[in-house]
Amino acid sequence: MTTTVHAIPTIDIAPLLTGDAAARADIARQLGEAAQTYGFMKLVGHGVPEAVIADTFSAAQDFFGQSEEAKAPYQERKTNRGFQPMFDNAKPGQKPSGQEAFSMGHPIPPEDPALLSLPFYAATPWPADVPLFRERLETCYHEMFKVGERVLEAFAVHLGAPHDFFANVSRNTYSNMRVVHYPPQEAVQHIADEGVRAHEDQGLITLLIQDMNGGLEVLGPEKDWLPVVPDERAIVLNVAKLLTRWTNGRLKSALHRVINRSGRERYSIPLFVHPNYHQVIDARDFAAGEPVRFDPIVAGDQVYKNFAGERKSWAALTS
């Protein structure tokens, strides 16, 4: 009897930019198969400059290296923007996550001014006393977002839809990027068992740049935890819950967690790609003759509801 050894695949996506139609179709197939099997993959040949990544990690270290008193003024409690303090992520009855973060919104304001009244479109409270912090994060955001758009185009091809099916998704998007700091697990274990408890992301896809300290794990097909081994060349990509729902379950969002066992400070840069707030997520778009598994939802309403159940700061304001 043959035992399958599972590992998160690495895919060179450079042909999405430079290849001919056949090469792009082959990459779309590889991305789709990885999304269907694991919900996770590592992308190389993505085109994000190494210097941009290094500058963003440096900016994160500068911000999180400040005192709690210096960081606290940049917490916007109800908008998913700015500073998120340590242990803020917690579901009722569970221990919190051992991380702190800074979250920025999409740098381009929405075309529809009515969206500005919604929490996901709030302005980012940028710290003025951390040199180049905003500039470095926004540069990284734009580079990573371009990768996300190319991947969504490839997923559309794999699913048999027009290549530009997701093209309008980035208009009026409420996507956000975070820089995240995880202390060594032993430093937070008196309060938190994990850097991030097991969860699935809320949006369409997530792109993640992680440092070389490891700790990210994915629940694999055999229900065991697979490490996402750090690769300094790679951006990690995972399918999130809205895309699973939209594709009628054809693309898989996977449970994942972080436990920083390295004994060192761990940093990561996730970009959560979302559609516009009012986008209807309708599984009939990709059901392909199969029974429809999910009712239609409005993207922003669903994500807001989910966040309110997971953030202590949000729950305090919505109760």
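## Isoleucine 297

Isoleucine 297 lies in strand β15, residues 297-298, where helices (H or I, at least four residues) and strands (E, at least two) are DSSP runs numbered from the N terminus. The model is a predicted one, in which local features need pLDDT of at least 70 and side-chain atom pairs count only at pLDDT 80 or more, while totals for chains, interfaces and linings use all residues. Residues are numbered from 1 along each chain as its sequence is written, and side-chain values use heavy atoms, with hydrogens and water left out.

With a relative accessible area of 12%, isoleucine 297 is buried (buried means under 20% relative accessible area, exposed over 50% and partly exposed in between, with a 1.4 Å probe and protein chains only). Leaving aside residues up to four places away in sequence, isoleucine 297 touches Leu242, Arg245, Gln279, Val280, Ile281 and Gln302, a contact being heavy atoms within 4.5 Å.

## The nine-stranded sheet

An open sheet of mixed pairing is formed by nine strands in the order β1-β2-β11-β8-β13-β6-β5-β4-β3, two strands being paired if DSSP finds at least two bridges between them. The edges are taken by β1 (10-12) and β3 (75-76), each with a single partner strand, so one side of each has no neighbour in the sheet. Helix α5 (residues 133-158) packs on this sheet, touching β2, β5, β6, β8, β11 and β13.

Strands β8 (residues 205-210) and β13 (residues 266-273) run antiparallel and are joined by six bridges, and leucine 207 has leucine 271 of β13 as its bridge partner.

Three bridges join β5 to the antiparallel strand β4 (residues 81-84), with glutamine 84 opposite alanine 101. Towards β6, also antiparallel, β5 has six bridges, and glutamate 100 is partnered there by histidine 181.

## Helix α2

Helix α2 (residues 21-37) has 17 residues, which at 1.5 Å a residue should span 24 Å, and its end C-alpha atoms are 24 Å apart, in agreement; the expected span is 1.5 Å times one less than the number of residues.

The buried residues of α2 are Ile27, Ala28, Leu31, Gly32, Ala34 and Ala35. Seen down the helix axis, these buried residues fall within an arc of 165°, so they line one face of α2, the arc being that of the directions from the axis to the C-beta atoms. They pack against β1, α1 (15-18), β2, α5 and β11.

Methods. Axes fitted to C-alpha atoms, helices over the stretch in contact; angles between N-to-C directions.
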